[in-house]
Amino acid sequence: FWLNLVAQPPDFEVAHFAMDLARPPTLQFEIVGGGIPVDYSWRFRCLEFNAVHQKLIACDGWSVIAIDPLDGSHRILRQFPNESFISCIDPSNGDVVMATNREGSAGADFSRVAVTTGQTSTISLADVDLWSYAPQRLIILGNGERCILATELDPDGMMGSTEAGHFDANGKCIAWSVACFAESFQSPANRSGVFDSFGHSVTAYFFEQRAAVFLAGSEDTPGCVDGVGTHARFGDLRLPTVNNKFLFVRMDGAETWQWRLARLNLKTLQVQSVHVTGLDHSDLLNYCASDDYMFALKACPASKDEVYKLLLMRASLDESDPSPGLVEAVSSVDLRAPVQAVSFRLSDGTVLQVDRRILVARSEYFRRMLSSGLREEHTNEIDLCADSDADEASLSVLLRFVLSDAWEGPHKDVELAFRVRCLADRYQLPKLVDLAEAHLHRLLIPTSVLSFLDRVLGSGGPLEQACWELLNARGAEIISGHEADLDTIISQNPKLAKRLILWGAGSSWPQQKKLRTT
């Protein structure tokens, strides 16, 4: 079926990997600009980053929209009368190449839309011999060649397998090869190839090799395991997104019990689960990645005059910790600056203090707060009286982490660990979030798994994954032991109740491949 059942991508490095279990990659999403009013938000199935013009290009099937990734401002470039989708971004000039479904026949016609003017021109394939293939997608490569993904038509006009035809700039055929994509018109591409999820695996078609390759996971065996290449395991996968270094893919969770965002290093084939903050998986409509950022569209209700509004979210892909390490932070402190204490006032009247110089050096969140021009900057006091998670014990752990880069506090207090986790997430200290979850993971037992799930459902992090794995292993014992609590769960957390019902129905690892979305 595959030309190379398990193949190496370009520049594959043979290495042994020590998996970093203590700290998974973290994406911290924040809202960019105002909302984008649309008629049908669910149709925004195409979202790509245009590196030439530094714009996001979105398509709802008819309208092509350019979005500024810095402030969320947007404008409609072109509206098509028939259903269309983004075929590629021309790497030479940044034009958006669109594919429009033909009426009454198989295949698509192609046009280009100029991002600066919105002007549209037809792309003719009259000079290209496609034999009996119906073109579905046109990809313009950096060297001027064209890769056409097409489906074979039998004598009755029925569509068969997907193949890739390579043609030079003059339309001369270079080669045809099997592409093996389930949804070639939606599969994301970078300068190296086109990528897809197939079954419980990630696959690719590389332009230079002109071959379909199997990158990670297993076609038939589901799971939830980080690893390298075929040692990794996924559940039912949605469509991936890709930049020039990583592929990101979500494990299905909208109708099942678990979400997971995984990152595949395209050079080493290392798969790692990603911790997401600031954006719930269930709110994510579509996403794409540049080499520096991940962008996501979040659907939310708009005013009474609009059906939907989209919010643009952004997360840095910089792998360095946004809260500098202790040595780096201390070395940046200006020792000539006067010592000033920042006071944290708690609801019981307790006041905890920390050196302002260290606090702003270690935390971008507090640096912005204490230079915002608001009351906190002038008074050097932060009022946490209304914060139920902030008490002397939890805030002490957070402030001692700022000073020591370590967990300095009790190790067996579940409630304390959850309060610290909430504070660390709120104040954007991902390493402390991971330390809190690591402590909670060690305290996870069958009698506590449902209460833990009640507090981490939808986070997609390692702790939620551990809860579901424990349920898989000892589910009958756990549910029977909590039978008296089920009414409370249903009334107080219906989302968890729904996930548990679906999990109990055996939908934890869905075997039937569903119509995929991003």
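R421 is buried, with a relative accessible area of 10%; buried means under 20%, exposed over 50% and partly exposed in between, using a 1.4 Å probe and protein chains only. The model is predicted, so local features need pLDDT of at least 70 and side-chain atom pairs pLDDT 80 or more, while totals for chains, interfaces and linings use all residues. Residues are numbered from 1 along each chain as its sequence is written, and side-chain values use heavy atoms, with hydrogens and water left out.

R421 is found in helix 6 (residues 414-426). Helices (H or I, at least four residues) and strands (E, at least two) are DSSP runs, numbered from the N terminus. Beyond its neighbours within four places in sequence, R421 is in contact with V433, A436, E437, L440, R455, V456 and S459. Contact means heavy atoms within 4.5 Å.

Just after helix 8, G458 takes a positive phi of about 90°.

Four of them form an open sheet in the order 7-8-9-10, with antiparallel pairing. Two strands pair if DSSP finds at least two bridges between them. Strand 7 (84-89) and strand 10 (120-123) are the edge strands, each pairing on one side only. Six bridges join strand 8 (residues 96-101) to strand 9 (residues 108-113). V97 has R112 in strand 9 as its bridge partner.
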